[in-house]
Amino acid sequence: MAEPLIRSISDTARWVAYHRATESERADAIFRDPYARRLAGERGELIAGKLKQNAWAIAVRTYLFDKAILGLLSREPVDMVVNLAAGLDSRPYRLELSPSLKWVEVDLEEILGPKREMLSSERPCCQLDVINQHLGDEAERRRLFSQLNQRAGNVLVVSEGLLGYLDEDKVTSLAADLHGQSHFQYWLAEIVSPKVLKMINRKWEHHFKAANAPMTFAPADWRKFYRDRGWEMVEFEDIAQTAYKMNREPGMMKAFRVVGDIFPSWGAKQAKIWESGVALLRRV
């Protein structure tokens with residue numbers, strides 16, 4: 001039997017890193033990640049060569065998370081960032097961060113171990129703490145969150161590329177665990193509409209299932225979903241609108257936008273159906 005293209009959830013991190021590398025190498029790059037190609041490795045390049053269509057989305061998503069993190073840090077006294085399922089993210093090394101900021105990465109040893117080795121000669125811009133832990137172990141997760149809560153006064157939680165691989169019950173449990181910590185004030189989450197999830201699964205579901213990592217989470221009313229679980233929206237950046245502004249819009253989106261300009265009511269309806277992006281949430 002042939003080896004799956006995506007062997008495990010960790011391979012998706014290599015895939016993402018490769019597209020971050022190709023974006024960084026553009027003359028008009030919307031961010032720079034000098035570590036991405038090294039972190040992606042040959043496996044990341046192999047996967048990206050087969051699954052090409054989402055390069056623009058990974059680039060824009062990375063840009064939006066960068067923007068939201070730096071924006072919040074510039075205006076709020078956040079003293080800790082907790083990056084859940086951090087994967088091959090290199091923000092502690094590449095963003096302009098305060099040396100006093102505590103940055104915690106949480107993920108599996110199989111992905112954080114090799115990353116630690118590859119970046120061993122690099123110096124993070126902040127106080128980086130790397131924790132090997134399976135976030136699916138709820139008891140251990142709550143214990144970890146409680147410990148982190150005691151170490152900081154104002155925490156931002158980041159979950160880029162994580163929630164889509166969970167089901168609604170698991171996201172509800174995670175939301176409750178985060179809300180249970182009084183100093184966890186903000187949560188930066190990726191939003192995927194049911195329409196986008198359906199399109200992703202039509203193209204690549206067999207790859208994700210082979211890695212035991214199906215994508216399932218896309219609430220129809222994400223604002224209500226998070227509000228009902230104690231988290232309200234502070235900001236939202238739409239990935240399609242940002243792609244247009246950043247000149248990263250794929251052909252299908254350009255066609256939709258042109259038709260939407262001709263038929264505004266249809267365009268508004270489609271924008272709502274396809275609404276996806278990055279949301280900054282605050283505990284209530």
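Asn247 sits in the loop between helix 10 (239-245) and helix 11 (251-262), and in this predicted model the phi of Asn247 is near 60 degrees, a positive value in a residue other than glycine. Most residues other than glycine have a negative phi. Ala85 also has a positive value, with phi near 55 degrees, and its place is in the loop between strand 1 and helix 4 (91-94). The table sets out the accessibility of these two residues, together with that of Arg91, which belongs to helix 4.

| Residue | Relative accessible area | Class |
|---|---|---|
| Ala85 | 22% | partly exposed |
| Asn247 | 56% | exposed |
| Arg91 | 0% | buried |

**The chain as a whole**

The chain is built with twelve helices and seven strands. Its radius of gyration is 18 Å, close to the 19 Å that the globule rule gives for 284 residues, so the chain is as compact as a globular protein of that length. Taken along the principal axes, the C-alpha atoms fill a box of roughly 55 × 45 × 40 Å. Among contacts in the chain with a separation of 6 or more, 78% are made by residues 24 or more positions apart.

In soluble globular proteins, nonpolar side chains tend to be buried together. In this chain the largest nonpolar core has 31 residues, of which Leu84, Leu163, Leu174, Leu178, Trp187 and Tyr226 touch the most other members. Several elements each supply at least two residues of this core, among them strand 1 (80-84), helix 6 (138-151), helix 7, strand 5 (184-191) and strand 7 (277-283). Apart from this core lies another, of 27 residues, which includes Ile30, Leu64, Leu97 and Leu156.

What does Trp187 touch, not counting residues up to four places away in sequence? The list includes Leu163, Leu174, Leu178 and Tyr226, and also Leu156, Ser159, Trp231 and Leu280.

**Two helices**

Helix 7 (residues 168-179) has twelve residues and reaches 16 Å from its first C-alpha to its last, close to the 16 Å expected at 1.5 Å a residue. At the start of helix 7, the backbone nitrogen of Asp169 has a side-chain oxygen of Asp167 within 3.2 Å.

Helix 1 (residues 9-24), with its 16 residues, reaches 24 Å from its first C-alpha to its last, close to the 22 Å expected at 1.5 Å a residue. Helix 1 is mostly covered, since 14 of its 16 residues are buried.

**A buried arginine**

Is Arg91 buried or exposed? Arg91 is buried because its relative accessible area is 0%, and buried means under 20%. Which residue does the side chain of Arg91 join in a polar contact of 2.8 Å? The partner is the side chain of Glu160. Leaving aside neighbours within four places in sequence, Arg91 is also in contact with other residues, including Arg20, Thr62, Phe65, Asp66, Ile69, Leu97 and Trp103.

Conventions. Residues numbered from 1 in each chain as written. Predicted model: local features only at pLDDT ≥ 70, side-chain atom pairs only at ≥ 80, totals over all residues. Heavy atoms only, no water. Helix = DSSP H or I, 4+ residues; strand = E, 2+ residues; numbered from the N terminus. Expected span 1.5 Å × (residues − 1). Polar contact = N/O pair within 3.5 Å; in protein donor to acceptor, adjacent residues only side chain to side chain. Rg over C-alpha atoms; globule rule 2.2 N^0.38 Å. Contact = heavy atoms within 4.5 Å. Core = buried A, V, L, I, M, F, W, Y, C linked by side-chain atoms within 4.5 Å. Buried < 20%, exposed > 50% of the residue type's maximum accessible area, 1.4 Å probe, protein only.
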